[in-house]
There are 2 protein chains.
Amino acid sequence: MSFPSRDPMPRKPATEPKRSRPARVADQIKDWVVAQRLKKGDRLPGEAEMIDRFGMAKGTIREAMRLLEAQGLVTTRTGPGGGSFVGEVSEERARALLGNYFYFKDLTVADIYQIRRALEPEVAASLAGKLSEADLAELEALVSQYAAPAATAEEEREQHVDSLKFHAVLARHSDNALLAFLIRFMAQILSDLTVYRKLYAPHNHELWESGRNHQIALIAALREGRAENARTIMADHMATAQRFMEAQEAEVMKRFIAE
Amino acid sequence: MSFPSRDPMPRKPATEPKRSRPARVADQIKDWVVAQRLKKGDRLPGEAEMIDRFGMAKGTIREAMRLLEAQGLVTTRTGPGGGSFVGEVSEERARALLGNYFYFKDLTVADIYQIRRALEPEVAASLAGKLSEADLAELEALVSQYAAPAATAEEEREQHVDSLKFHAVLARHSDNALLAFLIRFMAQILSDLTVYRKLYAPHNHELWESGRNHQIALIAALREGRAENARTIMADHMATAQRFMEAQEAEVMKRFIAE
DNA sequence: TAAGATTTGTTCGTATGTATC
DNA sequence: GGATACATACGAACAAATCTT
């Protein structure tokens, strides 16, 4: 292990945007991890060694580690054999971090559905004929959870969240990591949003039922490998879902996503 | 300002996954910021006050602030009137943070284009007739930068990056913040990837020229407000670009994105 | 320009907590 | 239980940045 050597701080040209020492230390560690091609569980040098190598105080090093920890890049354990380890960024954390960005952005339901309408059919098509019977059964079980019409507003909300789970589960099987992430990110936003039902807009049962039937038809198409059919069913489903959502007043992203 | 009051740490049930003190402090501050509906530039209590309120040492508080800083949620300044401030997460940081997640995920060019093919036409259609003549001129200026065929591999790479900039600029005008972010995120990934030209695959001039003509035609369609026309042109353009990229061997996301 | 005030930044020494053997 | 090897936390002092006068 050859860390960037002693006194690794280049005497900064005063022109540069001055960054704090912890930030620079974090950058160097990051670069070092990449250069060393360290993998998921690999151990980083301990505090003591870092203090030596960087010639800085414990507190500074610790702040640097917290910077990396917040990004999900390292995890830390105490005790013998403990220390800091390279940690793969979890999907949950990635969603939370990205959610923070949109916290300030006032996304609308229409914004999200513009993208869902483009991406969800793509997922459906790419998964046709690729799911095991067990996977399909899992989807069917989910759909059956909201077979009965919702009685209360709270029940309706739960059903909504369940139906979003359908899409999250579907996305999990995609071998396109970016596509899967985006689907699940949007599902989370929609799950989290606070929905205020319009008083004059009672539960639209037909619209809801139509959405549910779409999902059932979709499972059939997936099972039988009809890719283009799955695509159009999903496209219809999204159109329905959007109408359903826009029949309600929703306030989107008015909170930070819990880690 | 009423912070969660003195000794705000609930005596944790030993069952819970023990989080570090800085992490819990960071969570509480985050919750507090949301509860207070603080906005972009608002000032947080100073170190001294936090030390009081939380009853913890300075180092602990500082580590908590670094956790928030890494997420882009606060920035800190020294001096009188200094302190920590609520800071809107920048798009750059959001891209970097999300990029870290995909660092471990081995995205392929095909993965990215599966999504670009779905989203870029959507942007094009939604922008038809909405751009000012100045915006259109900016796009034309970009396209003119790679009018001449590239001589060297390096030149070709620069042209590629420039052509991606075309899409980033386009996305900037979308009023869908999520859509705009995604377009630009993918553009960044593609800009950053290290491209190894296949030795036996010399520059495909026709393919490249075709892509450029698509962009020129697209600008015309945007100017004249032909939304569906813009959509299909962009769809063709993406198909062309994908073929162009796959004619090369590309290693995607093998580094962290610089902050 | 200079001095003083305010607030974060950094260091060091010490003590405590925690997991492994 | 005890010894060991680590991170975690505290507190006091001093350094640096930046605003005001």
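Predicted model: local features only at pLDDT ≥ 70, side-chain atom pairs only at ≥ 80, totals over all residues.
**View 1**

**View 2. The residues around DNA strand C.** There are 24 residues around DNA strand C, and those that come nearest are R21(A), G59(A), T60(A) and G79(A) together with G46(B). When the surface near DNA strand C is sorted by class, 13 of its residues are polar, six are nonpolar and five are charged.

**View 3. The buried face of helix α2(A).** Within helix α2 of chain A, which spans residues 47-54, the residues M50(A), R53(A) and F54(A) are buried. Seen down the helix axis, the buried residues of α2(A) fall within an arc of 80°, and they therefore line one face of the helix. These buried residues of α2(A) pack against α1 and α3 of chain A. After α2(A) comes G55(A), a residue with a positive phi near 65°.

**View 4. The two copies, chain A and chain B.** Chain B is superposed on chain A by a rotation of 180°, with 0.0 Å of shift along the rotation axis and an RMSD of 0.0 Å. The two copies are thus related as by a two-fold rotation axis. Because 100% of the interface residues of chain B are also interface residues in chain A, the copies meet through the same surface.

Technical notes. Residues numbered from 1 in each chain as written. Chains lettered and ligands numbered in written order. Near = placed C-beta within 6 Å. Nonpolar A, V, L, I, M, F, W, Y, C, P; charged D, E, K, R; others polar. Buried ≥ 20, exposed ≤ 12 C-beta atoms within 10 Å, placed from the backbone. Helix = DSSP H or I, 4+ residues; strand = E, 2+ residues; numbered from the N terminus. Arc of directions from axis to C-beta. Contact = placed C-beta atoms within 7 Å. Least-squares fit on C-alpha atoms with pLDDT ≥ 70 in both.
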